[in-house]
Every structure is written in C-alpha cells, then in structure tokens.
Amino acid sequence: MAQAQGLGKKYLKAFLKGFFVAVPVTVTFLDRVACVARVEGASMQPSLNPGGRQASDVVLLNHWSIRNYDVQRGDIVSLV
C-alpha cells in the first residue's frame, strides 16, 4: 500500500513538472507564432465558406508575418 502511494506521488510530480513547462511554451507559441481559428458565417464568402455551406473553415493565423510587417496584396488579415 505504501509503495502504491509513493508511485502515485511520483507520477503526480512528473505530471506537474511537465504541465508547468508545456503550458507556458504552448501559450507563447499561440500568442507569438501562429494559432488555429475557425471561420463561420458569410462575411468571408466566397474566399472562405464557399457556396453558403453550413460547415466552417479552419484557418492558420500567422502572427509571425504580421510582427515582421510581411503583409502583401491579396493576404487576408484578421483583426480583433
């Protein structure tokens, strides 16, 4: 019984150590490099959601290009 409790503490400690490393790395990546977003509705038709489909499109928002001012004619820009 005591060995099982020691094993549980070991796994909990390993989980928390990984959690406190993975969460800040993930948040930084999503904030600074890129994130995934869903486009719904008719506001971006016909480029996105063509034909009035009810399904939504999934897009990758590239934060890196915006930070380097690498925007060209024809690019779709998302503002919050």
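This report covers a surface patch, a pocket, salt bridges and selected residues of a predicted model.

## Basis

The model is predicted: local features need pLDDT of at least 70, side-chain atom pairs count only at pLDDT 80 or more, and totals for chains, interfaces and linings use all residues. Residues are numbered from 1 along each chain as its sequence is written, and side-chain values use heavy atoms, with hydrogens and water left out.

## Nonpolar surface patch

Leu12, Phe15, Leu16, Phe19, Phe20, Val23 and Val27 make up a nonpolar surface patch, and their accessible area together is about 680 Å². Patch residues have over 30% relative accessible area and no salt bridge, and nonpolar side chains (Val, Leu, Ile, Met, Phe, Trp, Tyr) are joined within 5 Å. Areas come from the Shrake-Rupley method with a 1.4 Å probe, and for residues only the protein chains shown count as cover.

Phe19 of this patch belongs to helix α1, residues 2–32. Helices (H or I, at least four residues) and strands (E, at least two) are DSSP runs, numbered from the N terminus. Phe19 is partly exposed because its relative accessibility is 40%; buried means under 20%, exposed over 50%, and partly exposed in between (1.4 Å probe, protein chains only).

## Largest pocket

The largest pocket has a volume of about 510 Å³, and 20 residues line it. Leu61, Asn62, Ile76, Val77 and Ser78 are the lining residues nearest its centre. Two or more lining residues come from each of β1 (34–39), β2 (57–62) and α2 (63–67).

A pocket here is an open set of points on a 1 Å grid over the protein atoms alone, where a 1.4 Å probe fits, with protein on both sides within 12 Å along at least five of seven lines; lining residues have an atom within 4 Å of a point. The volume is the space filled by probe spheres set on the points, which are joined across faces, edges and corners.

By class, the lining holds 12 nonpolar, 4 polar and 4 charged residues. Ala, Val, Leu, Ile, Met, Phe, Trp, Tyr, Cys and Pro count as nonpolar, Asp, Glu, Lys and Arg as charged, and the others, Gly among them, as polar.

## Salt bridges

There are 2 salt bridges (a side-chain nitrogen of Lys or Arg within 4 Å of a carboxyl oxygen of Asp or Glu). Arg32 pairs with Asp31 at 3.8 Å, N to O; Arg32 is partly exposed at 43%, as is Asp31 at 41%. Arg38 pairs with Glu40 at 3.1 Å, N to O, and both are exposed.

## Tyr69

Tyr69, in the segment after α2, has a positive phi near 55 degrees. Most residues other than glycine have a negative phi. Tyr69 is exposed, at 75%.

Definitions and conventions. Patches are made of residues with over 30% relative accessible area and no salt bridge: like charges are joined within 9 Å, nonpolar side chains (Val, Leu, Ile, Met, Phe, Trp, Tyr) within 5 Å.
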